[in-house]
Amino acid sequence: MSFITRTPVLWMLFGLTVALTLAFGAAAPLVGGQFLDMVSRPEDTRAVFDAMTPSERTAHFWLTVFLDTAYPLSFGLFFAGMAWRFFGKLGPFAAIPGFVVLIVDLTENTLQAITLSGAAYVLEPKEWVSPLKMNLFYLAALIALVAAGIALYRVITKKKA
């Protein structure tokens, strides 16, 4: 775990998370403007999926496989690394939401990739997977934000000493 807590690695993960967030915005028109990641109710998920053209489904598949695999790896490891580094003895426990959101997001991506590939329609579990992902994301982000506050406090108090 010491690798993801190193300052250059945390900055790289943060930068990658920002870059991928911007990439999603730029790629939205390729999928018809709406990513499946942002819907969870079965009827909404089905409506978004059914409204996609074959080319939009193909684009969404490849964006899910590449972009949306890198995304949870970047933010999940960033959140976990921040917690692990700055929460002291509680770090391993504070890092858990970052690791779990990574796994849950990759699970959601797998469901989407299977469906977008045309192999089977398996988006029903998104009804609970997507809200779980979002809640874990917010929790892990909050923990990382507190960790950043701890880091800033340490920098400020060290300079005064």
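## Close-ups of a predicted helical model

**View 1. The largest nonpolar core.** With 35 residues, this is the largest nonpolar core, and Phe-35, Leu-36 and Met-82 have the most contacts inside it. A nonpolar core here is a set of buried Ala, Val, Leu, Ile, Met, Phe, Trp, Tyr and Cys residues joined through side-chain atoms within 4.5 Å; buried means under 20% relative accessible area, exposed over 50%, and partly exposed in between (1.4 Å probe, protein chains only). At least two core residues come from each of helix 1, helix 2 (42-51), helix 3, helix 5 (96-117) and helix 6 (126-160), with helix 3 giving the largest share, 9 residues. Helices are DSSP runs (H or I, at least four residues), numbered from the N terminus. Apart from this core sits another one, of 6 residues, including Ile-4, Ala-80, Ala-94 and Ala-95.

A word on the model: it is predicted, so local features need pLDDT of at least 70 and side-chain atom pairs count only at pLDDT 80 or more, while totals for chains, interfaces and linings use all residues. Numbering runs from 1 along each chain as its sequence is written, and side-chain values use heavy atoms, with hydrogens and water left out.

**View 2. Around Phe-35.** Leaving aside residues up to four places away in sequence, Phe-35 touches Phe-24, Ala-27, Ala-28, His-60 and Leu-63. Contact means heavy atoms within 4.5 Å.

View 3. Val-9, Leu-10, Leu-13, Thr-17, Leu-20, Phe-24 and Ala-27 are the buried residues of helix 1. Seen down the helix axis, they fall within an arc of 120°, so they line one face of helix 1; the arc is that of the directions from the axis to the C-beta atoms. These buried residues pack against helix 3 (54-86). Over on the other side of helix 1, Pro-8, Trp-11, Leu-22, Gly-25 and Ala-26 are exposed.

**View 4. Asp-105, buried without a salt bridge.** Asp-105 lies in helix 5. Asp-105 is buried yet has no salt bridge, and the nearest side chain of opposite charge, Lys-133, is 4.4 Å away. A salt bridge needs a side-chain nitrogen of Lys or Arg within 4 Å of a carboxyl oxygen of Asp or Glu; Lys and Arg count as positive, Asp and Glu as negative, and His and the chain ends are not counted. Not counting residues up to four places away in sequence, Asp-105 touches Asp-37, Asp-68, Pro-72, Phe-75 and Lys-133.

**View 5. Glu-108 and its two lysines.** Glu-108 forms a salt bridge with Lys-126, the closest N and O atoms being 2.8 Å apart. That pair links distant parts of the chain, with Glu-108 in helix 5 and Lys-126 in helix 6, 18 residues apart. Both partners, Glu-108 and Lys-126, are buried. Glu-108 also bridges to Lys-133, with closest N and O atoms 2.7 Å apart. Lys-133 is in helix 6, 25 residues from Glu-108, and Lys-133 is buried too.

View 6. Asp-50 pairs with Arg-46 in a salt bridge, the closest N and O atoms being 3.5 Å apart. Both lie in helix 2, 4 residues apart, about one turn of the helix. Asp-50 is partly exposed at 43% relative accessible area, and Arg-46 is partly exposed at 35%.
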